[in-house]
Amino acid sequence: GSFGKTSTKHFLYRVLSERYNVLMTPGNFNTTLGVVRTVREHLKPHHEVFIVEMGAKQRGDIKEICDLVQPTIGIVSSVGEMHLETFGSLENVRKTKFELLDALPSDGLGVVNMDSEPIASAALPTHCKMLGYAVDNLSATYRAQQIDYTPTQTSFAIEADGALREGYSTHLAGRGNILHLLASV
């Protein structure tokens, strides 16, 4: 995504580490070189999940990383106006972020932020399963509901498939953090 990549990566790592042996790209190692370095120096046979943050400065950057790691699940957290000087248009930013979704196999899973208007208004790939998450967008598969902010925590429920799962909370404030947590769930 244009923003939210690192937060989502850390939240996803924390959630998946409860059950799996997980490696994530460290710091801002979100370029092809950073991913190669992580693979060579840190990825071991005992890792069950490899979380790769993918950044882009121009079209094709994400595809290049996907060609290397061959993702089976991809999260697109946002499409925004970052790096317009190299992308030229918001549509080119969206196309670049969707390189991740396009690289997923037919049995893969795409997870997208439906509150990001450039994502919600785009035709999503149809070659694999797609799930949307949101706070506001009613068409999302996963939606945050019953959001309650207090001075010490944010609590919320998640609506999915007509069922409401309650009991989610974080010490982090802000709608953006709820979106990143939803992507992880």
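Modeller: Happy to! A helix axis here is a line fitted to C-alpha atoms over the stretch in contact, and angles run from 0 to 180 degrees between N-to-C directions. Helices (H or I, at least four residues) and strands (E, at least two) are DSSP runs, numbered from the N terminus. This is a predicted model, in which local features need pLDDT of at least 70, side-chain atom pairs count only at pLDDT 80 or more, and totals for chains, interfaces and linings use all residues. Residues are numbered from 1 along each chain as its sequence is written, and side-chain values use heavy atoms, leaving out hydrogens and water.

Helix H2 (residues 32-41) and helix H3 (residues 61-69) have axes that come within 9 Å and cross at roughly 20°. H2 and H3 are therefore roughly parallel to each other (under 35 degrees; over 145 is roughly antiparallel, 65 to 115 roughly perpendicular, and the rest oblique). On the H2 side, the contact (heavy atoms within 4.5 Å) is made by Thr-32, Val-35 and Val-36, while H3 brings Asp-61, Glu-64, Ile-65, Leu-68 and Val-69. Sorted by class, the residues in the contact of H2 with H3 are 5 nonpolar, 1 polar and 2 charged. In this sorting, Ala, Val, Leu, Ile, Met, Phe, Trp, Tyr, Cys and Pro are nonpolar, Asp, Glu, Lys and Arg are charged, and the others, Gly among them, are polar.

Now for the pair I would like you to look at closely. Helix H1 (residues 5-16) packs with H8 at an angle of about 45°, and their axes are 8 Å apart. That angle makes H1 oblique to H8. H1 contributes Ser-7, Thr-8, Phe-11, Leu-12 and Val-15 to the contact, and H8 contributes Asn-177, His-180, Leu-181, Ala-183 and Ser-184. The class count for the contact of H1 with H8 is 5 nonpolar, 5 polar and no charged residues.

How many of the residues of H8 are buried? The count is 8 of the 10, so H8 is largely enclosed by the rest of the structure. Buried means under 20% relative accessible area, exposed over 50%, and partly exposed in between (1.4 Å probe, protein chains only). The buried residues of H8 are Asn-177, Ile-178, Leu-179, His-180, Leu-181, Leu-182, Ala-183 and Ser-184.

Pick out Asn-177, which sits in H8, a helix that spans residues 175-184. With a relative accessible area of 19%, Asn-177 is buried. Once neighbours within four places in sequence are set aside, Asn-177 is in contact with Phe-11 and Leu-172.

Next, follow H1 itself. Tyr-13 lies in H1 and counts as partly exposed, at 31% relative accessibility. Not counting residues up to four places away in sequence, Tyr-13 touches Val-22, Met-24 and Ile-51. Tyr-13 and Ser-184 are 171 residues apart in sequence, but their C-alpha atoms are 8.4 Å apart in space.

In the segment before H1 you will find Phe-3, which counts as partly exposed at 44% relative accessibility. Leaving out neighbours within four places in sequence, Phe-3 is in contact with Ser-77, Ser-78, Gly-80 and Met-82. In the loop between H3 and E3 lies Gln-70, which is exposed at 62% relative accessibility. Gln-70 has a positive phi of about 50° although it is not a glycine. Gln-146, in strand E6 (residues 142-149), also has a positive phi, near 50°.

Finally, step back to the whole protein. Its secondary structure comes to 8 helices and 8 strands, and the C-alpha atoms fill a box of roughly 40 × 40 × 35 Å along the principal axes. Of the 185 residues, 44% count as buried. Among contacts with a separation of 6 or more, 52% come from residues 24 or more positions apart.
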